[in-house]
Amino acid sequence: MPSEIAGGQNQDSTNIVADSISNSLTFLYDRINYESTSPAANREFKLGRMRKLARLLGDPQNSQKIIHIAGTKGKGSTSQMVASALEQAGHTVGIFSSPHLIKVNERFSINGNSCTDTELYDLINRIQPVVAQMDDDPDFAGVTFFEITTAIALLHFQDRNVDVSILEVGLGGRLDSTNICNPVITAITNIGLDHTQLLGDSIEAIAVEKAGIIKSGIPTVCGSSNPVASSTIGQIANDRGAPVVQRGIDFDVIVENGSNKKSISVNLVDKFQWDDVQLRLAGEHQFENAASAAAICWKLHELGWPVTAQHIKDGISQATVRGRMEVISKAPTILMDVAHNRDSIEALLKHVTSAYSGTRKHLLISISQDKQHNRIVESVLPIFDTVVFTTYRSNARGVNSLNLLKDVESEQQHHAFATMPTRSQPVCIDPPATALRYLTDLANSEDLICITGSFFLVGEIMDVMQSVD
C-alpha cells in the first residue's frame with residue numbers, strides 16, 4: 001500500500017476518534033452543571049437520583065475501598081498528600097477531584113495520571129444510554145454533570161482495579177453525589193464561610209452539611225481548627241457511633257518556640273511523630289493539611305493497612321498539587337493559586353507577604369459571582385503594587401471585570417477602603433491572556449505576578465501558557 005494512502009487512512013481514523021470524543025464531551029457538558037450555573041436558582045440536590053444511576057451501572061462504589069474527604073478548603077491538597085503516602089506504600093490510588101484546571105480528564109487520576117481521552121470516551125458511552133433511560137423517568141430525570149462525572153470516576157477506578165479510591169466532595173457533603181459511597185474512613189478538613197446561600201450562613205450550619213458524610217462505625221478525621229466546627233463535627237460523629245480523630249486533641253501541628261520548625265504528632269493507640277516537617281507545597285496552611293493527611297494515614301495503619309511512618313513522611317513531603325501556590329515561571333516569578341474564598345485568599349496573602357517581602361508585587365484576579373467580592377478585593381488591595389481585574393471566559397459565573405472596578409470606585413467614594421489604601425488604582429483588562437501580557441510587560445525580572453481568585457482563571461492562564469510553550 002502506498003505510504004501516502006496509508007497516511008491518509010490513519011489521518012481519517014484520527015479525525016473519527018477526535019470527533020467521537022468531542023461528541024461525548026458535548027453530551028457531558030450539555031447536562032446541568034452547577035459549576036457554571038448557580039444552584040441557588042435551581043437547586044435539585046438529591047441522592048436518590050445518584051443512587052439510581054450507580055445502581056444501573058452495577059454499583060461500582062461497592063467494590064472499592066474509599067476514602068471520603070469534605071471541607072471548605074484543603075481537601076484537594078489533603079487528598080494528594082494521602083495518595084502520595086499510600087503510593088509510597090505500593091498502593092494504586094485513584095482520586096476524583098473537582099473542578100479541573102484545563103481538561104475534564106484531570107478529575108479522574110490514578111497515581112497522578114489523568115484518565116486518557118480514549119478511556120473517557122468509553123466511559124461516557126457506557127453511561128450515556130443509562131442517563132437517557134433515566135431521563136424518560138420523571139422521578140429520576142435531569143442527571144447532572146457532577147453526577148455523571150462521579151459515575152465516571154467510580155467506573156474508571158473499578159475498571160483499573162485501584163487499591164483505594166479517594167473521593168473529594170464537590171459541594172457540602174450531606175447531599176453531594178459522592179455521598180453514596182461506603183468509605184473505610186471519612187475526613188473533614190478546615191471549614192469556613194463559603195457557598196453560604198446553599199449550606200448556611202454560619203460555621204455550625206456548614207459543619208453540619210460537611211458532617212453529612214460521617215457514617216456509623218466508620219472512623220472520621222476532623223482537621224478543622226475552628227472550635228465551633230470541630231465541636232459540631234465531633235458531636236455528630238459521636239451521635240452516629242463513628243470513632244473520631246480530632247485536631248487539637250488526637251493530632252496537631254507543633255511549632256517549636258523561637259523557630260520556624262514544625263512537627264506533626266498523631267496520638268492514637270500507636271504514636272506517630274514527625275519532627276522538622278519539610279513540604280514541597282508552599283504556604284503555612286499546608287502544614288495543617290499535612291497533619292490531617294498524616295492522621296488519616298496513621299488511622300489506616302492502625303486499621304491494618306500496610307502503610308508505615310516512613311511511607312507517610314516520604315509521601316506527604318513529596319506531594320504536589322497543580323495550581324496551589326505554584327510557581328510556573330521565573331524572571332518575573334509567576335505564582336498561581338486557586339484560592340477563591342476569604343479563607344484561602346488570606347492564606348495566599350500570608351504566604352505572599354512572607355515569602356516575597358520587599359518584592360514588587362502585581363495581581364491578576366477574577367472572582368466568581370457567588371463569592372464575597374468586596375471582602376476579597378478589600379483584602380488584596382493593600383498588598384499589591386498593581387491590581388488587574390479580568391473576566392475568565394470558560395465559565396459564566398465570573399464577575400465582569402468592569403463591575404469589580406466599579407465596586408472598588410464606589411467603595412472608595414464611600415470611604416469603605418479608607419483604612420486599606422491601594423498602592424495604585426486597579427484597572428480592568430480582558431481577556432485574561434491580554435491581562436497577563438500587560439503584567440509581564442510591566443514587571444521587572446525580580447517582580448512577582450500573582451494570579452488567583454478562581455480555578456477557572458488559573459486554568460485559562462495555564463492553558464494559554466501551555467499553548468505558548
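**Reading the terms off the model**

Me: Why does Asn161 count as exposed?
Reply: The relative accessibility of Asn161 in this predicted model is 62%. Exposed means over 50%, so Asn161 qualifies. Asn161 sits in the loop between α5 (145-159) and β5 (164-168). Its phi is near 55°, a positive value in a residue other than glycine.

Me: What makes Asp59 partly exposed?
Reply: Its relative accessible area is 23%. Under 20% would be buried and over 50% exposed; 23% falls in between, so Asp59 is partly exposed. Asp59 belongs to the loop between α2 and β1 (66-70). Here too phi is positive in a residue other than glycine, with a value near 50°.

Me: Why is Leu47 called buried?
Reply: The cut-off for buried is under 20% relative accessible area. Leu47 has 9%, and therefore counts as buried. This residue is in helix α2, which spans residues 47-56.

Me: Which residues is Leu47 in contact with, leaving aside neighbours within four places in sequence?
Reply: Leu47 is in contact with Arg174, Leu175, Asp176, Ser177, Asn179 and Ile180. Contact requires heavy atoms within 4.5 Å. For Asp176, the sequence separation from Leu47 is 129 residues, while the two C-alpha atoms are 7.2 Å apart in space.

Me: How do you know that Ser77 is buried?
Reply: Its relative accessible area is 4%. That is under 20%, so the term buried applies. Ser77 is part of helix α3 (residues 75-88).

Me: What makes the pair Ser77 and Gln286 a polar contact?
Reply: The side chains of Ser77 and Gln286 are joined at 3.1 Å. The cut-off for a pair of N or O atoms is within 3.5 Å, so the distance meets it. Gln286 is also one of the residues that Ser77 touches, along with Leu281, Asn289, Val321 and Arg324, when residues up to four places away in sequence are not counted.

Me: Why do β9 and β11 stand at the edges of their sheet?
Reply: The sheet is open and has three strands, in the order β9-β10-β11, with antiparallel pairing. β9 (251-255) and β11 (271-274) each have a single partner strand, so one side of each is left without a neighbour in the sheet. From one strand to the next, the twist averages 15°.

Me: How do you know that β10 pairs with β9 and with β11?
Reply: Two strands pair if there are at least two bridges between them. Five bridges join β9 to β10 (residues 262-267), and β10 has four with β11, so both pairs meet the requirement. On the β11 side, Val266 stands opposite Phe272. Three residues lie between β10 and β11, which form a hairpin.

Me: What packs on this sheet?
Reply: Helix α9 (residues 285-302) does, touching β9, β10 and β11. Its direction makes about 30° with that of β10. Of the six residues in β10, five are buried.

Me: How many disulfides does the structure hold?
Reply: It holds zero. Cys181 is buried, because its relative accessible area of 1% is under 20%. Cys428, at 24%, is partly exposed.

Me: Where are cis peptide bonds found?
Reply: One joins Ser98 and Pro99, with omega about -10°. Another joins Asp430 and Pro431, with omega about -5°. Pro99 lies in the loop between β2 (93-96) and β3 (108-110). Pro431 is in the loop between β16 (427-428) and α14 (432-442).

Me: What is the secondary structure of the chain, and how many of its residues are buried?
Reply: The chain has 15 helices and 17 strands. Of its 469 residues, 54% are buried. Among contacts between residues at least 6 apart in sequence, 74% join residues at least 24 apart. The chain exposes about 19,700 Å², and carbon and sulfur atoms supply 46% of that area.

Note on methods:
Residues are numbered from 1 along each chain as its sequence is written. This is a predicted model: local features need pLDDT of at least 70, side-chain atom pairs count only at pLDDT 80 or more; totals for chains, interfaces and linings use all residues. Side-chain values use heavy atoms; hydrogens and water are left out. Helices (H or I, at least four residues) and strands (E, at least two) are DSSP runs, numbered from the N terminus. Buried means under 20% relative accessible area, exposed over 50%, partly exposed in between (1.4 Å probe, protein chains only). Accessible areas come from the Shrake-Rupley method with a 1.4 Å probe; for residues, only the protein chains shown count as cover. Axes are lines fitted to C-alpha atoms, for helices over the stretch in contact, and angles run from 0 to 180 degrees between N-to-C directions. A polar contact is a pair of N or O atoms within 3.5 Å; within protein, one must be able to donate a hydrogen and the other to accept it, and residues adjacent in sequence count only if both atoms are side-chain atoms. A disulfide is a pair of cysteine sulfur atoms within 2.5 Å.
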